[in-house]
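Trainee: I'd like to learn how to read contacts in a model like this one. Can you take me through it step by step?

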Amino acid sequence: MFNQKWLKVTLIVGFIFLLALPLFGGGGKEVKEKYEIVTVVKITGIPWFNRLEEGVKQAATDLDVNSYQLGPADADPAQQVKIVEDLISKGVDAICVVPNDAKALEPAFAKAKDKGIIILTHESPDQKGKDYDIELIDNVEFGRHHWDKLVEFMGDSGEYAIFVGSLTVPLHNLWADEGLKWAKEKYPNLKLVTKRIPCGEDQELSKRKTMELLKAYPNLKGIVGFGSLGPPGAAQALKEKGLCGKVTIVGTVIPGHAAPYLKEGCMQWGILWDPKDAGYSLTWVAKELLEGRKISDGMQVPGVGKVDLDGDVIKVDAMADITPDNVDGFGF
Amino acid sequence: MKNLLKHHETYVLLVIIIFSAIITVINPRFLTLENFFDVVKSYSFIGILAVGVTFVLISGGIDISFTAVATVAQYVMAVMIIRYGGNIFTAFLLAAAVGISLGLINATLIYFFNIPTIITTIATLNIYYGILIVISGGKWIYALPGWFRAFADIRLFTLCTDEGIKYGLSIITSIWILVVIIAWVILRYTKLGRGIYAMGGSMNAARRAGFNIFRTQMFVYSFTGLMAGLAGLVQALLVQTVAPNSIVGKELDVIAAVVLGGASLAGGVGTLFGTILGVTLIAIMSNGMTLMRVSSFWYNVFIGLIIILSVAFSAYQRRTKAKRAIAVEVE
C-alpha cells in the first residue's frame with residue numbers, strides 16, 4: 001500500500017512538472033528572430049571548455065545572436081554525434097564543433113548540409129563535411145614549437161615520450177605527427193621510446209603512466225604532453241620521485257592549473273592559445289556566413305586577430321607561451 | 001590442494017603469478033619494492049571503490065552511482081575545507097558523511113519503491129552528478145590547502161633506491177589497507193556480514209531466517225556510499241586536483257575488477273581476497289604493459305585477453321564439476 005501511494009504521488013508530481021515545462025522556456029518568439037548558433041565541445045565541465053564558453057557568451061552579447069554551448073559529460077564521440085544530430089533536427093542556424101572523433105561526425109555533417117545548416121569546426125583542419133575550420137594557431141608551427149622547447153631544456157639528444165588525449169583526437173595527433181617529422185629532420189638524435197600514450201585527458205592516469213615510463217626507460221629525459229591534464233600529471237609523478245628538472249615536461253596546459261608545477265620547476269614550458277578566443281571566433285564567423293558575407297584573407301576577427309585563409313581553414317595566429325614568470329597573468 | 005582448486009581466487013592468483021614472472025623476465029624492475037609501493041598507492045582509489053562494490057554485489061544488488069557519490073563527496077569536501085578551513089579529520093568526516101547520506105538515499109529508493117537496483121543507481125548517478133555540475137558549473141579546484149598537500153606526502157616508512165629515489169608505504173595506501181581489514185571483519189565475523197551473503201543468496205530465505213532485510217540493505221548501500229566518499233578523498237589526495245568529471249565514467253573498470261575477483265553479479269558469492277586479486281590483476285596488467293615496453297596501441301587487446309583467460313580457468317573448472325555432479329545423480 002505504502003509503496004503504491006508513493007509511486008502515484010511521484011508520477012503525478014512528475015506529470016505536472018512536465019506540463020509546466022513550456023512555461024520555463026517562455027519568450028521563445030523573440031529569441032527566434034536572432035540567429036541560433038550552437039557550439040558543441042568535446043566535453044563539458046572542464047576548464048578549457050568553460051573558458052571557451054566565455055567566448056561564446058561574449059559573442060552572444062556583442063554580436064546580438066542566440067549563441068550557447070553544449071557538450072557531452074565525457075569525451076565520448078558517440079554522445080557528441082548525438083548532440084549534433086539533435087541540433088540538426090531542432091533546426092538551428094549554425095553548429096560549431098570541437099570534434100572528439102573527426103570521422104564519427106561526417107554522416108551528421110552531411111545531414112546538416114542537406115538542411116542548409118552551417119558547420120564550423122575547431123581543432124580539426126582536415127575535417128570532411130565542414131564549411132570552415134578555425135585554428136588559432138598554425139598547427140605545423142605549434143607542433144614544432146613543442147619540440148624546439150623540449151630540446152631547449154633537455155638537449156638535442158636522448159629519450160622522450162609523447163602523451164595525447166586519445167588516439168582519435170585530431171589535433172593532438174596532428175601536432176605529434178608534425179613534431180615527429182620536425183624532429184627527424186632537425187633533431188635526429190632524439191629517440192621516441194614508445195608510441196604515443198593516450199592518457200592526456202586524465203591526470204591520475206598521466207601520473208601513473210609517467211611513473212611506469214620512468215621504470216621502463218630509466219634514461220627518459222623528456223615528455224611532450226598534449227591534452228591539458230597530461231603535463232600536470234607527469235609533473236606530479238616527477239615531484240613524488242624527486243626528479244623535477246631531471247626530466248623535461250613541455251605541453252599544453254591551463255595556466256591556472258600548471259602554475260604550481262611551473263614555479264616548482266617540475267614542468268618547464270606550457271604552450272597554448274586562449275580558448276575564449278576560439279569560442280568567440282567560431283560564433284563570429286558563423287554570423288558572418290549567415291549574413292551572406294564571405295570570409296577573406298586579411299579580415300579582422302574583432303579582439304582576436306587577422307584572418308589568414310588557407311582553403312577552408314581560417315587561421316588566426318594567437319599562440320601563447322606559458323612560463324613560470326607569466327603564468328599568473330592569463331586570468332584562467 | 002584439491003580444496004584450493006575449487007576456489008576461483010586460486011586461478012586468478014595463478015594468472016597473476018604467471019604474468020608477473022613474464023614481466024619480471026623482460027624487465028626486472030617490475031619486481032622491486034619501489035614499483036610495488038608505487039602501484040599499490042596508485043590503485044588505492046580503485047581499490048577502495050572495489051571494496052564497496054564487493055559488498056553490493058554479494059548482497060545481490062548492483063550500484064552504478066558510486067562514482068558520482070565519490071565525485072560529490074570529493075567536491076563538497078574540497079569546497080568546505082577551502083572555505084572554512086579545517087584539518088584532515090574534518091576532510092575525512094565530510095567525505096564520509098556525504099558518501100553515507102547519498103548511499104542512504106539509494107537504499108531508501110531501492111527498498112521502498114522496489115525498483116531494480118541497476119535502474120535506481122543509474123538514475124541517481126545522473127541526479128547526483130547532474131546537480132553537482134549545475135551547482136559547480138564544472139569548475140575545477142586546484143588551490144587545495146597546504147596541509148592537504150602535506151598529508152598526501154606522508155610515508156609511514158621511507159626507503160631509498162640505489163639511485164637515491166625515495167619511496168615507501170604512503171599514508172594513502174594505509175587508508176586502503178585499513179578499509180580492507182575493517183570490511184573483512186564485517187563480512188567474515190559479524191551477523192551483519194552473514195546477512196549480506198544470505199540476502200544475496202536468496203532474499204526470501206534470508207527473511208525467513210530472521211535477517212532484517214531493510215536494515216541490511218540500508219547498511220550495504222550506505223557502506224558503499226562511505227567507501228565512495230573515502231575513495232573520493234583518496235583520489236583528491238593522489239592528484240591534488242578536484243575535477244568533477246574525473247571519476248564518473250570509471251564504474252565499469254571497478255565492477256570489472258570485482259567480478260574478475262570472483263564476485264557474482266547474481267549475488268551471494270564473492271570475497272574481499274578475490275576483489276584484491278582482481279584489482280591487482282588489472283593493476284599489474286597496465287603497469288606490466290608499459291614495463292614490458294609494449295606499445296600503448298596494444299593495451300586494450302591484452303587486457304581483454306587476460307580477463308577472458310582468468311575467468312575461463314575457473315569457468316572450465318566449474319563446468320567439469322557440474323558434469324561430475326550430474327553423473328552422480330544419474331547413478
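Mentor: Let's start with domains: their bounds come from an automatic or database domain assignment. For chain A, that assignment gives domain 1 (34-137 + 275-318) and domain 2 (139-272). Keep in mind that this is a predicted model, where local features need pLDDT of at least 70, side-chain atom pairs count only at pLDDT 80 or more, and totals for chains, interfaces and linings use all residues. Residues are numbered from 1 along each chain as its sequence is written, chains are lettered from A and ligands numbered from 1 in the order in which they are written, and side-chain values use heavy atoms, with hydrogens and water left out.

Trainee: How many residues of domain 1 of chain A are in contact with domain 2 of chain A?

Mentor: Contact means heavy atoms within 4.5 Å. Here 13 residues of domain 1 of chain A touch twelve residues of domain 2 of chain A. Buried area is the accessible area (1.4 Å probe) that two parts lose on being put together, summed over both. For these two domains of chain A that comes to about 1,100 Å², with 64% of it on carbon and sulfur atoms. On the domain 1 side, A:W48, A:E123 and A:I137 lose the most area to domain 2 of chain A, together 45% of what that side buries.

Trainee: And how many salt bridges are there between domain 1 of chain A and domain 2 of chain A?

Mentor: A salt bridge is a side-chain nitrogen of Lys or Arg within 4 Å of a carboxyl oxygen of Asp or Glu. Across this domain interface of chain A the rule finds zero, while over all chains the count comes to 27.

Trainee: What does a salt bridge inside a helix look like?

Mentor: First, helices (H or I, at least four residues) and strands (E, at least two) are DSSP runs, numbered from the N terminus. In chain A, the side chains of A:E54 and A:R51 meet in a salt bridge at 3.2 Å, N to O. These two are three residues apart in helix α3 (residues 47-63) of chain A, so about one helical turn separates them.

Trainee: Is A:R51 buried or exposed?

Mentor: Buried means under 20% relative accessible area, exposed over 50%, partly exposed in between (1.4 Å probe, protein chains only). A:R51 counts as buried at 11%, whereas A:E54 is partly exposed at 39%.

Trainee: Which parts of the chain does the pair A:D328 and A:K263 link?

Mentor: Their side chains form a salt bridge of 2.7 Å, N to O. A:D328 sits in the segment after β16 (320-322) of chain A and A:K263 in helix α10 (residues 255-264) of chain A, 65 residues apart, and the pair links distant parts of the chain. A:D328 is exposed at 54%, and A:K263 is partly exposed at 49%.

Trainee: Now the two chains. How much area do chain A and chain B bury between them?

Mentor: About 3,500 Å², 53% of it on carbon and sulfur atoms. In chain A, A:E204, A:K215 and A:K241 lose the most area to chain B, together 19% of what that side buries. The contact takes in 40 residues from chain A and 38 residues from chain B.

Trainee: How many salt bridges are there between chain A and chain B?

Mentor: Six. B:K250 makes a salt bridge with A:D202, their closest N and O atoms being 3.1 Å apart. A network of salt bridges links A:D202, A:E204, A:R208 and B:K250.
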